[in-house]
Amino acid sequence: MSPKSFAPTTAPRSLRDPVFLTARLKAVRTGPSVRPLNDWVADLRERLGQGESVPWFDPASGGVEARSLFLLEAPGTAVGSEAGRRRTGSGIISVDNNDPTAQNCWLLRREAGLPYEHSLHWNIVPWYLGTADRIAAPGRTEVQRAAPFLHEVISLLPKLEVVVPMGRSAQAGWAAYVARYAPAVRTLATWHPSPRGLASRPAARPEILRTMREVARLTSQEGGSPP
């Protein structure tokens, strides 16, 4: 099953519907474009011994065909319910998740004309850092520990052209990654799309929208764009 097997959703938060979520979860290990990434997730879970604290890549996204990568800091409500100390969510990093940050991403992408099936969403730190009651932001130690794993993800994205770190933590993590690995991609940094961030910074939403429109422009060019 490929991203084209999933029709674009017509409203945000579609994964709150058990039917939609079941279909998406069934495809995490079978969709050709996402299978290499989720094979990697399964391997990372074994290496870390942290199970569902590392969510799956979304089969409805671009998978290994993605030309743009949106990076936040660490999984939040996307993590599964394997252990009581972890929050219960879809188990997938997706703009269709049932949370307000995902909803903001969904709405901004639609307004920008940026197709979800051409890009990918992920995090600087791929595992959940909080408790059952509170999400925690990554510190320098976690970012440094996660850098080789992010490098493994980047190596699975041969068509990647643009990376969008969203928020200060993601931007700091991506800057450290770039200094270490020097990836041949363009960076377009912008604000974190959380409701709190957008409410406290009136200029944040228009800036995110401009960034997404630029990503759409760059990745829609024939043959791609130079880094």
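Does V143 count as buried or exposed, and at what relative accessibility? In this predicted model, V143 has a relative accessibility of 15% and therefore counts as buried, the cut-off being under 20%.

View 1. When residues up to four places away in sequence are left out of the count, V143 touches I124, V125, P138 and G173. The separation between V143 and S169 is 26 residues in sequence, while their C-alpha atoms are 9.1 Å apart in space.

**View 2. Packing of helix 4 against helix 5.** The crossing in which helix 4 passes helix 5 is right-handed. On the side of helix 4 the contact is made by V143, Q144, A147, P148, L150, H151 and I154, and on the side of helix 5 by G173, W174, Y177, R180 and Y181. Divided by class, the residues of this contact of helix 4 with helix 5 comprise 8 nonpolar, 3 polar and 1 charged.

**View 3. Crossing of helix 3 and helix 7.** The axes of helix 3 (residues 100–112) and helix 7 (residues 204–220) come within 9 Å and cross at roughly 55 degrees, which makes helix 3 oblique to helix 7. Helix 3 and helix 7 cross in the right-handed sense. From helix 3, the residues C105, L107, L108, R109, E111 and A112 meet R205, I208, L209, M212, R213 and A216 of helix 7. The contact of helix 3 with helix 7 holds 8 nonpolar and 4 charged residues, with no polar residues.

**View 4. Strand 4 and its pairing with strand 2.** Strand 4, which runs over residues 119–123, is mostly covered, since 5 of its 5 residues are buried. Both faces of strand 4 are covered, with S119, H121 and N123 buried on one side and L120 and W122 buried on the other. Strand 2 (residues 68–72) pairs with strand 4 in the parallel sense over 5 bridges, and within this pairing S68 stands opposite S119 of strand 4.

Key:
Residues numbered from 1 in each chain as written. Predicted model: local features only at pLDDT ≥ 70, side-chain atom pairs only at ≥ 80, totals over all residues. Heavy atoms only, no water. Axes fitted to C-alpha atoms, helices over the stretch in contact; angles between N-to-C directions. Helix = DSSP H or I, 4+ residues; strand = E, 2+ residues; numbered from the N terminus. Parallel < 35°, antiparallel > 145°, perpendicular 65-115°, else oblique. Left-handed = near helix turned anticlockwise from the far one by under 90°. Contact = heavy atoms within 4.5 Å. Nonpolar A, V, L, I, M, F, W, Y, C, P; charged D, E, K, R; others polar. Buried < 20%, exposed > 50% of the residue type's maximum accessible area, 1.4 Å probe, protein only. Pairing = 2+ DSSP bridges.
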